[in-house]
Amino acid sequence: MRQFPLEMHQMAPGRVVEWRLRSTAGPAPDTDGTGDAPRGVPADAAGRRASFNQDKHFTVAEESRGADDPVASWIAVTFEVKGALDERALTRSLLAFVRRHEVLRCEFRRLAGELACEPIAAAELALDAVPVADFDSSEALRGFLVDRFKRSIDTLSWPLFTMGAVLREDSTTVYLAFDHIVCDGLSMPIVVHEVQNGYEALCRGEEIDLPPAPSYLDFAEEQRHRYLSIAADDERLGYWKSFMARGGGAFFPRFPLELGVEPDRMYPIVNEASPLLDAAEAEVFEKACRAVDGKPFMGVLAAVAVCLREAGGPGVYRGFMPVSERGRAGWANSVGWFVNTMPIEFDASPGRDFAQVMAAVRAGFGEMMEHIDVPFVRAWQLLAPAEFAARSWPYPVNFFSYIDIRKCPGAERHEDWRPTSHVWSARANGACSWFQRDADGLHMNSIYVDTAAARRTMDDFQEALRATVREIARHGSFRRPVALTAPRRPLGASPNDAAPYAPSALRRS
């Protein structure tokens, strides 16, 4: 299961049908194909409190809408159903999926300053199948889906996702796209697993049988109960304060290479993906990491740190790393935004070999995990209140994400289901990279600002990273240092120094 831009998806054309969600207690469904389905009627007028992630996400959407500067994003998943589709069975499976996860049945609204989640009762929900269009080319179909997701996913409007399928005589591609407020990247394999297993059970004449999936709303309530009352002097923020102190007081660790961005400006994005290692190379890479008491994600992070350093970045890697919170209390089968973003720091200075950098990564990761409790958004609010008031991170931030899809629910069926995931954002002011390991190897998906400098920098960085992880796989060590055709910014120099430095241009030595 790879994550890559939807525009890259080689999807066969066909007849598109969508399922519109409605509350049976509300008005009649939209059937004119516009996608503007009416919102449901909340079952609990008092609502339940949103998580810190959700509250910040919703606030940004509110403020950007008020400023006529909309911020938009979505997370989508597609998968294949073999044979002629049983539309009734798929409808029942999709409805069961939505009913099962309370966060998908929520409408968000402000109540006395707090963001409340108002869930619709599961029994009140219904789905209506709506024919949309027939497409005779893959290009036209992809264009429709990209536009559809952009138009239909709105943080401030219910429902917060869209569901549809591309039907053909002998196969069907099912698609679901979500606003980030109701899900995260690890929710996508859960979507595929549940909808596919439900569909197959119903086609066999059986009932849907899935393991328990506690509500994300319970997670959000517990989180707020534990952390809403903490103050900036709370000892649990000590790890964050120490990280900030070593970075000159900055809450956000800067992306250390030149992207050609101006302060306080957002840019259109480049969304691209590429393979780093094939399946066999990824297996050898993992063995090389295990040989020095590390894990594959640590090896990738070590390679990233060395490539950034050789391209002009500092010897000490400082960045953000999203960490799943699903394992803490049995949320493995739940859909929601179970992500805490944490700072990580380790030494990747020149002269250190692979084993030494891996030991530093391992130590840095262990230290980070000992302080995972405090939610990122709460730490941001308490320790950087001026930046918290903004609608985006203040400047390009160093960000690393890794998921081993092979460990997700349903991974053993991915060869049959052929799932793919896709992320999109309207604009950005930096760069974010996601790494995925699946049965086919190791892959990279990056979203970054569409500037000439960023394109050069990210092209060079990806080339260097690919060469580095392959060298680790082949020889269990870093490749020889790259040569730079552009001057490095001196280590320790401020990114705000008046004299700019040229974008890095890497070449293999």
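What follows is a working chat about a predicted model of one protein chain.

Biologist: How many helices and strands does the protein chain have?

Modeller: The secondary structure comes to 13 helices and 18 strands. Keep in mind that the model is predicted.

Biologist: And what share of the residues is buried?

Modeller: Of the 509 residues, 56% count as buried. The chain exposes about 20700 Å². Carbon and sulfur atoms supply 51% of that area.

Biologist: What part of the contacts comes from residues 24 or more positions apart?

Modeller: Such pairs account for 79% of the contacts with a separation of 6 or more.

Biologist: Let's go to the helices. At what angle do H8 and H13 pack?

Modeller: About 130°, with the axes 9 Å apart. H8 covers residues 296-310 and H13 covers residues 452-475. The angle makes H8 oblique to H13.

Biologist: Is that crossing left-handed or right-handed?

Modeller: The crossing of H8 and H13 is right-handed.

Biologist: Which residues make the contact?

Modeller: H8 brings Gly299, Ala303, Val304, Cys307 and Leu308. H13 brings Phe461, Ala464, Leu465, Thr468, Val469 and Ile472.

Biologist: How do those residues divide into nonpolar, polar and charged?

Modeller: Nine are nonpolar, two are polar and none is charged.

Biologist: Now Ala288. Where is the place of Ala288?

Modeller: In helix H7, residues 279-291.

Biologist: Buried or exposed, and why does Ala288 count that way?

Modeller: Ala288 has a relative accessible area of 12%, so it counts as buried. The cut-off for buried is under 20%.

Biologist: What does Ala288 touch, leaving out residues up to four places away in sequence?

Modeller: Phe354, Ile472 and Gly476. Ile472 is also one of the H13 residues in the contact with H8.

Biologist: How far is Ala288 from Gly299, C-alpha to C-alpha?

Modeller: The two atoms are separated by 8.6 Å, and the residues are 11 apart along the chain.

Biologist: Backbone next. Is the peptide bond from Trp158 to Pro159 cis or trans?

Modeller: That bond is cis, with omega near -5°. Pro159 sits in the loop between helix H3 (138-152) and strand S8 (161-167).

Biologist: What about the phi of Asp264?

Modeller: Asp264 has a positive phi of about 60°, although it is not a glycine. Asp264 lies in the loop between helix H6 (238-246) and strand S10 (269-278). Its relative accessibility is 81%, so Asp264 counts as exposed.

Biologist: And Asp293, where is that one found?

Modeller: In the loop between H7 and H8. Asp293 has a positive phi of about 60° and is not a glycine. At 58% relative accessibility, Asp293 counts as exposed.

Methods:
Residues numbered from 1 in each chain as written. Predicted model: local features only at pLDDT ≥ 70, side-chain atom pairs only at ≥ 80, totals over all residues. Heavy atoms only, no water. Helix = DSSP H or I, 4+ residues; strand = E, 2+ residues; numbered from the N terminus. Buried < 20%, exposed > 50% of the residue type's maximum accessible area, 1.4 Å probe, protein only. Contact = heavy atoms within 4.5 Å. Areas by Shrake-Rupley, 256 points an atom, 1.4 Å probe, with all protein chains shown as cover. Axes fitted to C-alpha atoms, helices over the stretch in contact; angles between N-to-C directions. Parallel < 35°, antiparallel > 145°, perpendicular 65-115°, else oblique. Left-handed = near helix turned anticlockwise from the far one by under 90°. Nonpolar A, V, L, I, M, F, W, Y, C, P; charged D, E, K, R; others polar.
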